[in-house]
Amino acid sequence: MKSDVMVIGTNQDFTQKALDFTEQYAGNLPKKAHLRIRLIAEELMNLFRSITGEMEAEYWVENESNIFTLHLDTQTLMYAGKRQELMELSSTKENAAAKGVIGKIREAFELALLPEDEREAMLAHYSLFGFSGSDSMESGTEDVWRMSDYIEDVNKSDDTEFVQEAKDELEKSIIANLAKEVTISIRGDKVSMAVVFDGHIS
């Protein structure tokens, strides 16, 4: 079952409305699971508000036998020129390094918003574990970033310093500990984020 769709924007104070919207839809969950899905929604809203530049997205929730998926869909609006203009406004002339798992997810989401040619050029620079299909994009196909792939790549990495930092971040992350999966997918000019929560977990 799918909820109504609400439109949110990075220049709006939408957080409380989105949290109420999520809680209302998840109203039949036990108290602990209800609190957890609210925490996930809060992390998702904070992530969206931290995106560089102004943009809008559609937000809705799906429920299939108490497996909830929180959806965030938007269009690729962050073209290279606009991004460069925004970067010029910062004192360092570059994005701050992503901190924590939520920062990595935000970074992947921002990367997904770039035009295809710049996105591919930036993949190596950002060293984003978890992206698949990025070197074989064809019209109509999807690029996908998955949190589970990111975790797998972290565990396989032989970069000791990176692995320790990444594992510490995963251990402290609300979304990594409470969400069953996080995916960011790119199809044409549409970017979709989905956060899956298992409402059966006690």
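**View A. The exposed and buried sides of helix 1.** In this predicted model, Lys17 and Gln24 are exposed on one side of helix 1. The buried residues of this helix, which spans residues 15–25, are Thr15, Ala18, Leu19, Phe21, Thr22 and Tyr25. An α-helix has 3.6 residues a turn, so residues three or four places apart point the same way. The partners against which the buried residues of helix 1 pack are strand 1 (6–9), helix 2 (31–49), strand 2 (56–64) and strand 3 (67–75).

View B. Four aromatic pairs are counted in the model, and one of them is formed by Tyr25 and Phe68. The centres of these two rings are 6.4 Å apart and their planes stand at 90 degrees, so the pair is edge-to-face. Since Tyr25 belongs to helix 1 and Phe68 to strand 3, the pair ties together parts that are 43 residues apart in sequence. Tyr25 is buried, with a relative accessible area of 17%, and Phe68 is also buried, with a value of 0%.

**View C. Leu70 in the largest nonpolar core.** The largest nonpolar core has 48 residues, and those with the most contacts inside this core are Tyr59 and Leu70. Helix 2 supplies the largest share of the core, namely eight residues. When neighbours within four places in sequence are left aside, the residues in contact with Leu70 include Ile37, Ile40, Ala41 and Leu44, as well as Tyr59, Trp60 and Val61, and also Met193, Ala194 and Val195. In soluble globular proteins, nonpolar side chains tend to be buried together.

View D. Ile8 is placed in strand 1 and counts as buried, at 0% relative accessibility. Not counting residues up to four places away in sequence, Ile8 touches Phe14, Met45, Phe48, Met55, Glu56, Ala57, Tyr59 and Leu72. One of these contacts is with Met55; Ile8 and Met55 are 47 residues apart in sequence, while their C-alpha atoms are 8.5 Å apart in space.

**View E. Charged side chains over aromatic rings.** The charged end of Lys2 sits over the ring of Trp60, at 4.6 Å from the ring's centre. In a second example, Arg49 lies over the face of Phe14, and the distance to the ring centre is 5.8 Å.

Technical notes:
Residues numbered from 1 in each chain as written. Predicted model: local features only at pLDDT ≥ 70, side-chain atom pairs only at ≥ 80, totals over all residues. Heavy atoms only, no water. Buried < 20%, exposed > 50% of the residue type's maximum accessible area, 1.4 Å probe, protein only. Helix = DSSP H or I, 4+ residues; strand = E, 2+ residues; numbered from the N terminus. Contact = heavy atoms within 4.5 Å. Core = buried A, V, L, I, M, F, W, Y, C linked by side-chain atoms within 4.5 Å. Phe/Tyr/Trp six-rings, centres within 6.5 Å; stacked < 30°, edge-to-face > 60°. Lys NZ or Arg CZ within 6 Å of the ring centre and 35° of its normal.
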